[in-house]
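I opened the model to look up a few local features. My notes are below.

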Amino acid sequence: MAEGWATALSQAFHADDEVAFIDELQKALLDSYQHARAMLAAVKADSDSFGRFGLRCLARLLQAEASAGRSQSLSLLADLGPGNEDEGGGQLQQLLLQLTTSSAGEGLKLLVRVCAAWGVRTADQLGAEVRAALEASILRGAAEPGGWGLAAVAAAALPGLAPEVPRQVLQAADDGSRDEAVEQLAKGLDDETKRLLVKQRQAGGRLRAAAKAVQALGLQEEFPDAELRWKAEALEAAIRKGRKEAMVGLSCQEPSLHAGCVEGLLKCGEVELAADLAAAWGCPLPSEDLVITAKRKREAECLCLPVDVPITTISKEADVASLSSLLSAEVIGFDLESSMGGPGGSQPTLLQLASARAVCLVDLLAVGNLQPLALALEELFAAPMPKVGFAGASDLGKLAGGFPGLKVAAEPLVDLRDLEADRRAAASQLSKKKAREGVSLSSLAEQYLGKPLDKTFQVGDWAQRPLSEARAHYAALDAWVPVQAMALVPRRDSDAETASLSSGRASGSRDSERSSGWPVRWRDPEASPCSSLQERLLAREAQAQCPEDVYWESILVVLPCFSGYAALFGLQHEVKARLRIADDSSAASHHFGAAVSCLYLFGLIFRIGHKVVFSRLHPRARVHVAQICMMLSMLVMSVVVLTMECYDLYWVILAYSLGGAAMGSFESNLLNCLTPFGHRTKRLAILGIPLGVNSILIGGFFLMGPPLQVPVTEVFFAVAVLNLLGLLVFAIWIPRHGEAGMGGVRELLADCKGCRHWLPQLWHYPLAFAVDTFTLAGFSPGLSLYVYNKEVVQLTEGFVLETKTFFAFYNTANMLGGLCGRWLSYRLPQRHPAVYVGFNALGAGLLLLRRPVLAPAGAFLVMLGDGLIYGTISRHVDTAIPQEFNLIAISYWLFVGWAWAQSCLMRALALMLDLAGLADQLGLLPRLQRKPWVLLNDHRAAMEEALQVGSDDLLRILAKWLADFSPAAVGLAHVSGTVYLAPALEDAGLTPEQVLIANLFSHGEMGLDALASPALPDAQALSILQELATFSRVRWMRTDVEVPWPEAAVPLPQDKVGMLKPVRRSVLKKHPLLRDEMGVTAQGNCLQHPSFVHHDIEGDTLEEMQNSAASIAAKRGYAPGGGATAGCALRTEAGMLVSGSEVSARSGAQISPLQCALVSLSANGLPRSSVQDVAWCANQPCNELEERDRALLARLLPSASFRGVRLAE
């Protein structure tokens, strides 16, 4: 097809037929923009004078009406440039002049591209008339809303324009919303314009923006005081508002502001802070009496460091040795202070370390880069005692960022804020996020130590030396208070502090650990946690002596079973080919599809059914049964079906049913068996899931391809052997724990009765898992197999890959995403899995773009989200659910999440694959994609013949499909026989019937013959339907009854596609008249009213044409008795115009112009986000209706502008 288009383009060029050339180019664009571009380049290469012909085509296309592909065609022609013997001359100048008078946005964009292609680098190369017109166009574009960007690009691309042009563009753009972009533009202009920009901002009171411009444009010599001016102004504002942090931050690096800052602090009552900074900066000191009074008040009201706790300052290398005194402490508290801003940003300046009896202040500015300090801190933070801080992990990160040599890992690390949040969450049933609100070190000091902390010195110049006594006292308290408060915060042992007190664990023996069962956790509500710091430390030491063993063999148990699962769903095509079943819509193909679906059906059943079917078996034995089932499934496929050639589908059903039962039973029972061995073992086990799946999707397909050509039979047999090895590994190396439950239905009922112990902590987690599984099934690889189903995949222009090679990269990205997600899920802080759904959505979005080069990244993100969600839920079940309910919780999670996902997927596929697949088979898909809500007469006839149904049944089939997803109706137009789809636009306030009328109105139909919908229309929609000229003949077809559906579509010969075929009215007469069903009569002549006639759009610019379209829409509107009507016209980014007219009824029901236009927009396949501007017009004042549309636009499209226009004569 591409070669045919290239030939047609070449013939049109040699025939000098511009119209035919443009028509063929737009046809080529329907296939691919890249192909069309390559064909243009090929035609150009064959001729030395193609450039001039391209200019003529571009000029002709500019005068044509907006149409699909016009914007892309203009871009391609604008980028052509000259041929070898082409000279632009007068023809080029004439085109450029035409572009300057075109709509500002489109014309400027194309002009810049044409100039770049034809080597026009400066304005001096343009004729005087073109240059003047260009300058006027740029100024006009800069004045339009949102047009300054293109105007700026044009001004920068063609230097040498009149000086006032770039200056006016800058002036229009510099409104405070895009300062960086304006500064970037100014960099390419002359120095005088740069200075004018700074002065303009200063005159407008935007001093900070002026200072940024001075910095960005290198004008420090011309404006040396710009930085000081904005800081002085900001300081005054901070003093007025009493914001001490802003006062100090602004003044630290500006000596001329020091005195003003001190005076401002005194006005705000911050006497001690003012005195401290005045002494450090050499400013006049406040009254000594004021300072003494403030100090006494602080000591009386706030917590102070005991006098017997010494403060040691470490400011030279010899002092570093004193840190060793802290090694004997039971707990170490720490904190970090940083400077406020500066050229390099905030930098750590002071590290505080404390025990219960002493405090050390480490002057990082003096000794931060010394090797002895790094060694001393490494030793201290590696010591076994707890290190406690308030948001301490953040402090350690800042310390390592400022001093890379001081990167230390505190183990164990305790965050005092998290301890208090845990206590509040447990006591008040709050979420962790809510419980953290209001928790500060000062509030904890007041709660547990009797007095709050004075935070006066939290701000200040921490880079000044020496530190004042008061500032040193404040810093010491920030490290000492966490030590004292930690022992007093009532709490339950967290995972990091789980006390495992059994003798087997304490001995450190792996065998004894296997027999000891679950570690001891504080789960009994009447049991008390360690009541003192000493007891907790003893528990921690006991745990430290027996580190958690990791059963890495678990990954070898998981991998074979998921390899079997992947073989069953991934090798379906190869099995189908061996069974000699064609990949078509035949009955045999449908039967095979039903057979392999047993994998998913039995998988769903056994995710919860294993508790009943295998009721008398321990979860460990159920894992063995699942492994045996998977092994048998592989053997049935490899030996019975493929080797012995028993091609009866019952064997396929047996194999896939065994595989489904294996997967449903294996996953939940194995996770339950591994839970007692800790997070690290569980994390390794779930890594086997992506490895197992991709061992087939990557490794299996590699083995079956050249040069090895391994038969599919041997792949199935190898997976059976792997499952036998996995069974042996699980039996020998993974220890048993616990005993079997009561079994059967009684165990399931007991789990359900005890749901209050586990369901509240888990019920919402499967929602995230359902979304994850939906995207996984849909895109991993899912629909990608249908998108990239040709022999090669074109990644970029001129670079293609074989489809198998492409999917090798795709599946590799899949695997890496799954591995990363599962690994990170146990490393990141515990969060709700819904947090990670964004990765799935982003990955699915990239894949839906259908850009092959982005597909591996999309697959990686989908699997990354899957790994994070799966691992997070698994981790949550282990830590939040009591031991006795662990298995039912895992089964519930997997069953509910998987069931919801599969049900949503099946419903989506029912519409996306069946309807789209049939349309694609009939060659109708490209046209339906351009007009998704319109099924033209020949489309309707083609579908009726292919499905062997009448027009009435086709309407009901389409309506039932649509109604599965949202309220919808389908209508058959009078005379034309076109079918119109009408899903409800609930956000725009339109019912399906109202959408149908607006769709008919927008396409100029004369009436409606039939309506298919699940229920009769409501009163509002009915009153508008009564206004139709053909209402008395409208037939109503119900869709809430069984709709006939053939087993397979009959392929339609290509020569019949596109043929017009009238609707057989006899098939409609079987259905009742809508007026009889509703007991009403026709009232109007809508769609045949006198003003519903064609008008030509007028205007030279796009804005004028938009105003004309709005005026015409107002004239064409319908109101009973010829009353006032209104209309509007939407303008999209691509310059397309979409109009809508008011449709009113006698009852007062109404479709507004904007509602009608939104229907037309969707019916033409245009996204709402593309709308930039709405022009609204009425033939008489309609203030209420106009305000209604204005509010609707502000709600649905807040970025679009709304303007009223006058009715044209």
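Entry one, source. I am working from a predicted model.

I looked for nonpolar surface and found a patch of about 890 Å². V639, M644, F717, V721, L722, L724, L725, L728, I732 and W733 make it up. Helix α36, residues 712–733, gives the most to this patch, with eight residues.

I placed M644, one of the patch residues, in the loop that runs between α33 (619–643) and α34 (649–674). M644 has 54% relative accessibility, so I list M644 as exposed. E645 lies in that loop between α33 and α34 too. I noted a positive phi of about 55° for E645, which is not a glycine. The relative accessible area of E645 is 48%, so I list E645 as partly exposed, the cut-off for exposed being over 50%.

I found S657 in helix α34. Its relative accessible area is 11%, so S657 is buried. Setting aside neighbours within four places in sequence, I find S657 in contact with C598 and F602.

I checked V975, a residue other than glycine, and read a positive phi near 75°. V975 sits in the loop between β10 (968–973) and β11 (979–983). With a relative accessible area of 56%, V975 is exposed.

I found a cis peptide bond between R465 and P466, with omega about 0°. P466 belongs to the loop between α24 (441–449) and α25 (469–486).

Definitions and conventions:
Residues are numbered from 1 along each chain as its sequence is written. This is a predicted model: local features need pLDDT of at least 70, side-chain atom pairs count only at pLDDT 80 or more; totals for chains, interfaces and linings use all residues. Side-chain values use heavy atoms; hydrogens and water are left out. Patches are made of residues with over 30% relative accessible area and no salt bridge: like charges are joined within 9 Å, nonpolar side chains (Val, Leu, Ile, Met, Phe, Trp, Tyr) within 5 Å. Accessible areas come from the Shrake-Rupley method with a 1.4 Å probe; for residues, only the protein chains shown count as cover. A salt bridge is a side-chain nitrogen of Lys or Arg within 4 Å of a carboxyl oxygen of Asp or Glu. Helices (H or I, at least four residues) and strands (E, at least two) are DSSP runs, numbered from the N terminus. Buried means under 20% relative accessible area, exposed over 50%, partly exposed in between (1.4 Å probe, protein chains only). Contact means heavy atoms within 4.5 Å.
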